[in-house]
Amino acid sequence: MTSIDPLTFPPGFLWGAATASYQIEGAVAEDGRTPSIWDTFSHTPGRTVGGDTGDVACEHYHRYREDVALMSDLGLGSYRFSVAWPRVQPGGRGPMNGKGLDFYRRLVDELLERGITPWVTLYHWDLPQELEDAGGWPARDTAARFAEYAALVHGALGDRVRHWTTLNEPWCSAFLGYASGVHAPGRQHAPDALAATHHLLLGHGEAVRAIRANDPGAQLGVTLNLYAVSPADPGNAGDLEAARRIDGLANRIFLDPVLRGAYPEDVRQDLAGISDFGFVRDGDLDVIATPLDLLGINYYSRHVVAAPEPDAPAESYRRVPTPWPGGEDVRFVKRPGVPVTDMDWEVDAPGLTETLVRVARDYPGIPLYVTENGAAYVDIPGADGAIDDAERVAYFDAHYRACLDAIAQGAPLRGYFAWSLLDNFEWAFGYSKRFGIIGVDYATQRRTIKASGHRYGDVVRRNGLAG
Ligand code: FCB
């Protein structure tokens, strides 16, 4: 009998770090790249903290060799990055831009030379502006454009890239982009957010079919930002109902069509006053449910929710416009004494275990990867320049353990990616939030591995935690 060390991950567990093109690349007007919705949005006054944009970001477009060398220093097994659609297919239609593609070819070569597995995300939010002008994700044609783009990128990189994620977090694209409007393109129209949801999923399914047809052995998946959701008072029927609704809008509205081939009936009913789902055509759900090789899960925190207060006027706690159409009167509750990150997100590592085990139970049979997990904290470098980010070290340690707990409970977890390799442009928060395991001094572009990065390197090398 071999005893299994409870602090060790299964053999072959994939350890990586993740980034996204607009958050790190900079070089927004070089080598034929055209604007994305994030260029337009971040250059619109009032949209981002401090008016920050991704124009320069981490200059990764020019510093990728140094960044890959840092990954190698950390011993990473994989690097998950996204391809900027307007860099490789300017305007979102027509032929590929060879110069833009060359950047990703060089990056992939550099990774492979250092034994790091490249993992490509095809869409991490930088929709070509021309496609938004033509209707964006609420327009059905955008799904077809995405599938075409996906097949072209795969055609260029598929000989060396085996792991592909179609979309990153379609919830954010649809509901932050088209309902609350805090993300690009900044529209605020709930019915459009639902149409966007459907067309994102349709584009995902069509992209999977197109890539699979050319490359049956590719590892294909989608990344969802799943939340643990719980009622403020499990004994209160109204709180339980609030949790059902938010779980539906955050998690099941994506999980069910992708992994079961149907939108959840209760969610459709919650949304009946907003949309009749008339955008769903015959055969769409078969496309959306095209079998996958893996599911990517991004996990950051838990939503604790409560019923509307009976006596308060509904408007008093409505966030208008809300990213939760059909659930706008639900109250999001902060639990006293639970620590929060610099994003004001509660630290809840058991929620990661809960999420992984829940997906394994309710949607069995699909290998799982944590494709993002991490935390923003205010980092204050020491006099010697070292960044001793003890809170982030503790956050990550608790979540590594949460992964081990999920594996012990039978979840088929195959890998974990820290968010993020580098401090970067955190969307509407600009550079005010730092998520990196490597710090970036934006004035000099100097990179410094933080204590959390060194600790991560130990975990990766050991494939586990020290006792
Ligand atoms: C996720 C995004 C990623 C980053 C982290 C903090 O929602 O995928 O780009 O912003 O949150």
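Visitor: Which residues does Tyr 123 touch, not counting residues up to four places away in sequence?

Guide: The model is predicted, so local features need pLDDT of at least 70 and side-chain atom pairs count only at pLDDT 80 or more, whereas totals for chains, interfaces and linings use all residues. Residues are numbered from 1 along each chain as its sequence is written, and side-chain values use heavy atoms, with hydrogens and water left out.

Leaving aside residues up to four places away in sequence, Tyr 123 touches Ile 37, Trp 85, Trp 137, Phe 146, Thr 166, Leu 167, Asn 168, Ser 173 and Leu 200; contact means heavy atoms within 4.5 Å. Tyr 123 and Tyr 416 have the most contacts inside the largest nonpolar core, which has 144 residues. Such a core is a set of buried Ala, Val, Leu, Ile, Met, Phe, Trp, Tyr and Cys residues joined through side-chain atoms within 4.5 Å. Buried means under 20% relative accessible area, exposed over 50%, and partly exposed in between, with a 1.4 Å probe and protein chains only. In soluble globular proteins, nonpolar side chains tend to be buried together.

Ile 37, one of the residues touched by Tyr 123, is also touched by Gln 129, as are Pro 35, Ser 36 and Thr 40, again not counting residues up to four places away in sequence. Gln 129 lies in helix H6, residues 129-133; helices are DSSP runs (H or I) of at least four residues, numbered from the N terminus. With a relative accessible area of 15%, Gln 129 is buried. Its side chain makes a polar contact of 2.8 Å with that of Asp 133. A polar contact is a pair of N or O atoms within 3.5 Å; within protein, one must be able to donate a hydrogen and the other to accept it, and residues adjacent in sequence count only if both atoms are side-chain atoms.

An oxygen atom of the ligand is 2.8 Å from an N or O atom in the side chain of His 124. For the side chain of Glu 169, the corresponding distance is 2.5 Å. The protein covers 94% of the 290 Å² of accessible area that the ligand has on its own.

Key: Helices (H or I, at least four residues) and strands (E, at least two) are DSSP runs, numbered from the N terminus. Accessible areas come from the Shrake-Rupley method with a 1.4 Å probe; for residues, only the protein chains shown count as cover.
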